[in-house]
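Subject: Structure handover

Hello,

Here is the structure I promised to pass on. Please open it and keep it beside you as you read my notes below.

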Amino acid sequence: MLYKIIGKIYDKDKRIARRLPHYFPTYRSFAGESLNQILRYASSPRSFSPQGIVIEPTNHCNLKCKHCTAQTNDEERGYMDYEFYKRILDTNPQITCLMLSRYGEPFLHPRIFEMIEYAKGKNIYVFTYTNGVLLSEDKIDRIFASRLDEINFSVEGTGEEYEKNRGISYDILKRNLECLIDKRRTTGSKIRIGINMTEIDGKDDNAEAVKREWQGRVDYIDIGPLVGRRMSIRTASCRILWRNTVIRWDGTAFPCCIDMNSSLALGDLKTASLKEIFNGDKAVSLRESHLKRKFPEVCKYCGPIFG
């Protein structure tokens with residue numbers, strides 16, 4: 001009930017009421033996130049502690065989608081070391097939610113299923129975003145075995161519209177997604193299956209096509225703007241800065257996923273702890289600039305749906 005009330009308050013983003021019970025499932029995690037946001041409303045440049053994190057298994061991708069600026073930058077490519085990944089989780093017992101993806105395709109990581117299983121062994125809610133192309137029947141079986149909580153398929157349309165952007169047959173995605181849906185039904189798995197649709201050219205017919213194809217077959221369809229696209233000028237501080245930390249495959253920490261050119265690096269988890277970085281000088285300085293309405297360029301045009 002409490003999360004439904006919060007969802008009505010933050011009515012610009014319909015995902016909030018649906019996701020909060022999973023992201024902050026315990027009283028402790030809810031209290032921690034509440035304190036984070038209370039400190040934001042109190043204009044404190046320091047926050048309490050991240051209850052959830054984003055970890056990038058890899059920034060390699062098997063596709064070259066036309067809309068994806070993350071795959072066109074000159075950032076070094078690599079895979080997160082599994083032992084380093086375990087250390088992040090081991091040293092942050094407050095974490096209750098983990099997004100295992102960022103700019104690459106997570107199922108390219110050779111130990112992705114072990115990463116999921118390790119987090120689940122700590123009772124962490126784990127979700128990911130994928131283009132779905134690599135999900136063979138064997139991988140789908142391993143998804144169920146790993147106890148992944150939520151998987152989101154990224155699309156921009158169906159048929160030729162999808163193929164124009166992704167450069168690969170829509171039938172591959174459709175086959176893999178239908179296989180996952182069918183196996184969920186036969187196994188009784190509780191995994192949540194969603195579609196994350198990016199509006200590239202503002203074509204309503206693309207969104208309608210996706211809805212006709214998948215509404216009622218998946219748990220939800222989220223339709224949102226392209227990450228990093230300029231929207232209206234920000235007028236308030238970003239709630240993500242008091243909540244979140246994004247960890248790149250190499251251990252570099254960032255405040256959010258919008259920073260595709262890595263302009264707001266906050267520190268390195270190989271030389272500092274997550275808690276030290278979360279309230280380190282760079283993080284505090286960034287929050288101070290937001291409180292003063294002096295937004296860095298990457299934040300200036302970021303819409304409220306992202307924070």
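Let me start with two tyrosines: Y162 and Y170 are both buried. Keep in mind that this is a predicted model. Every value below is computed from it.

**The whole protein**

The protein has twelve helices and nine strands. It has 307 residues, and 55% of them are buried. Now take the contacts between residues at least 6 apart in sequence. Of these, 72% join residues at least 24 apart. The accessible surface comes to about 14,500 Å². Carbon and sulfur atoms account for 52% of that surface.

**Aromatic rings**

How many aromatic pairs are there? The count is five. One of them joins F127 and Y129, with ring centres 6.2 Å apart and planes at 70°. An angle over 60 degrees counts as edge-to-face, so that is what the F127 and Y129 pair is. Buried or exposed: which is F127? F127 has a relative accessibility of 5%, so it counts as buried. Y129 is at 16%, and it counts as buried too. The cut-off for buried is under 20%.

Back to Y162 and Y170. They form an aromatic pair as well, and it is edge-to-face. Their centres are 5.3 Å apart, with 70° between the planes.

There is also a cluster. Ring pairs link Y125, F127 and Y129.

Two arginines lie over ring faces. R102 lies over the face of F254, at 5.1 Å from the ring centre. R287 lies over the face of F278, at 4.8 Å from the ring centre.

An α-helix has 3.6 residues a turn, so residues three or four places apart point the same way.

Helix α5 covers residues 112-120. Which of its residues are buried? They are I112, F113, M115, I116, A119 and K120. These residues cover an arc of only 160° around the axis, so they sit on the same side of α5. What covers them includes α4 (82-90), β2 (97-100), β3 (125-130) and α6 (137-146).

Now turn to α6. Its buried residues are I140, I143, F144 and S146. What does the face turned away from the buried side of α6 carry? It carries the exposed residues D138 and A145. Just after α6 comes R147, which takes a positive phi of about 70°.

Find S29 in helix α3 (residues 27-41). S29 has a relative accessible area of 0%, so it is buried. Which residues does S29 touch, not counting those up to four places away in sequence? They are F24, Q51 and T96.

Next, T158. It lies in the loop between β4 (150-155) and α7 (159-166). T158 is at 17% relative accessibility, so it counts as buried. Leaving aside neighbours within four places in sequence, T158 is in contact with Y170, A209, V210 and E213. Y170 is one of the two tyrosines we began with. T158 and K211 are 53 residues apart in sequence. In space they are 9.8 Å apart, C-alpha to C-alpha.

**Cysteines**

How many disulfides does a search of the whole structure find? It finds zero. A disulfide needs the two sulfur atoms within 2.5 Å. C299 is buried, with a relative accessible area of 9%. C238 is buried too, with a relative accessible area of 6%.

Best wishes

Conventions. Residues numbered from 1 in each chain as written. Predicted model: local features only at pLDDT ≥ 70, side-chain atom pairs only at ≥ 80, totals over all residues. Heavy atoms only, no water. Helix = DSSP H or I, 4+ residues; strand = E, 2+ residues; numbered from the N terminus. Buried < 20%, exposed > 50% of the residue type's maximum accessible area, 1.4 Å probe, protein only. Contact = heavy atoms within 4.5 Å. Areas by Shrake-Rupley, 256 points an atom, 1.4 Å probe, with all protein chains shown as cover. Phe/Tyr/Trp six-rings, centres within 6.5 Å; stacked < 30°, edge-to-face > 60°. Lys NZ or Arg CZ within 6 Å of the ring centre and 35° of its normal. Arc of directions from axis to C-beta.
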